Amino acid sequence: MTFADEVKNAVTPRAALLVIGVLGLQLLFIASYVGALHKPKPTDVPFGVVAPQQMSAQLITELKNLPGGPLDPRAVADAATAREQILNREIDGALIVSPRSTTDTVLVASGGGAALADTLTKIITKVDLTQQRTVRSVDVAPASDQDFDGLSSFYLVVGWCVGGYLCASILAISAGSKPANRQRAVIRTGVMALYSIVGGIGGAIIIGPILDALPGSFWGLSGLGALTVFAVGMLTLALQALTGIVGIGLAVLIVVIAGNPSAGGAFPLPMLPDFWRAIGPALPPGAGTWVARSIAYFKGNAVTGPLLVLSAWAVAGTLVTLLMAMRRKPDDAADDTAPFGSKVD
């Protein structure tokens with residue numbers, strides 16, 4: 001047998017296609033992370049301005065016209081309202097102008113991302129210098145001393161997402177890449193739900209009681225973890241039901257390659273390029289990170305939308321998984337016992 005024949009026997013066409021697919025995912029991984037995170041800069045950051053009426057409009061115009069458009073300023077009635085809006089996650093910071101002194105106050109929230117809080121302080125400091133004024137920074141929702149740069153929420157959610165698609169992948173490839181029938185699909189969904197509950201509680205225990213890295217409601221974080229794991233797991237099972245083993249790669253594409261760099265973890269959403277800040281809130285890592293930070297630092301405010309996003313992924317994944325199982329013909333049941341990688345779906 002020639003060497004070429006050996007290669008043909010060792011590397012099947014399907015294996016070659018899968019390797020090419022993995023190479024594509026690798027290159028997309030590099031492109032997505034570097035593309036999203038290599039040059040963060042704020043754009044249209046929601047920002048409040050509290051100033052005397054005679055200078056408010058002029059100051060807002062000045063901030064709106066800063067080079068690069070870093071801020072989206074709007075007038076706020078008073079300092080108390082500005083604090084409330086920051087805690088409600090309606091704005092990311094605010095400038096409080098003091099008419100009786102030359103020192104102003106910039107309100108920030110490092111719990112929502114230290115990088116953005118630092119950037120806002122630097123921007124306002126530079127603006128005030130041109131007016132011979134100084135700035136003091138007040139953190140109204142500070143990140144925990146054990147939560148460096150406010151990153152713990154992001155890493156927690158990444159761990160939950162990884163658990164979700166790995167568990168779903170194992171459930172599927174342990175006996176073929178598609179559920180053979182409705183009963184088996186229901187069993188896998190039930191196992192995924194149980195795993196999600198345990199994974200959610202486990203993550204909350206590690207991040208809270210064990211490491212003390214993140215404050216906030218233990219059961220709130222546990223519930224978020226269970227929903228995040230289940231949403232990603234059922235998304236993965238649904239993609240596998242639709243496309244076979246390729247579904248694992250598609251899940252990695254959606255959750256890891258598209259979801260993680262756009263989640264607002266390393267750099268909050270207002271500091272990401274337009275494409276990434278647009279898709280981030282619609283994907284599980286971004287929705288989960290937002291809710292985790294809200295639970296930890298913003299009194300659980302502004303979580304309805306992201307929770308609906310996670311719920312939509314969970315419901316859609318469950319429905320597709322069950323419907324695809326119901327559509328399979330009896331003859332297809334044998335596929336479920338085929339060895340991993342032995343059949344082209």
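**Close-ups of a predicted model**

View 1. Is Val-34 buried, exposed or partly exposed? Its relative accessibility is 47%, so Val-34 counts as partly exposed, given that exposed would need over 50%.

**View 2. The largest nonpolar core.** Now for the inside: 51 residues make up the largest nonpolar core. Ala-82, Ile-86, Leu-107, Met-192, Leu-214, Leu-221 and Leu-224 are the ones with the most contacts inside this core. Helix H8 gives the largest share, with 10 residues.

**View 3. Zooming in on Leu-107.** Which residues does Leu-107 touch, leaving aside those up to four places away in sequence? They are Ala-79, Ala-82, Arg-83, Ile-86, Asp-92, Gly-93, Ala-94, Ile-96, Val-138 and Val-140.

**View 4. A second core.** There's also a separate core of 19 residues, and Val-45, Leu-59, Val-97 and Met-271 are among them.

**View 5. Helix H11, tucked away.** This helix has 14 residues and reaches 20 Å from its first C-alpha to its last, close to the 20 Å expected at 1.5 Å a residue. Because 13 of its 14 residues are buried, H11 is largely enclosed by the rest of the structure. Just after H11 comes Lys-299, with a positive phi of about 60°.

Key: Residues numbered from 1 in each chain as written. Predicted model: local features only at pLDDT ≥ 70, side-chain atom pairs only at ≥ 80, totals over all residues. Heavy atoms only, no water. Core = buried A, V, L, I, M, F, W, Y, C linked by side-chain atoms within 4.5 Å. Buried < 20%, exposed > 50% of the residue type's maximum accessible area, 1.4 Å probe, protein only. Helix = DSSP H or I, 4+ residues; strand = E, 2+ residues; numbered from the N terminus. Contact = heavy atoms within 4.5 Å. Expected span 1.5 Å × (residues − 1).
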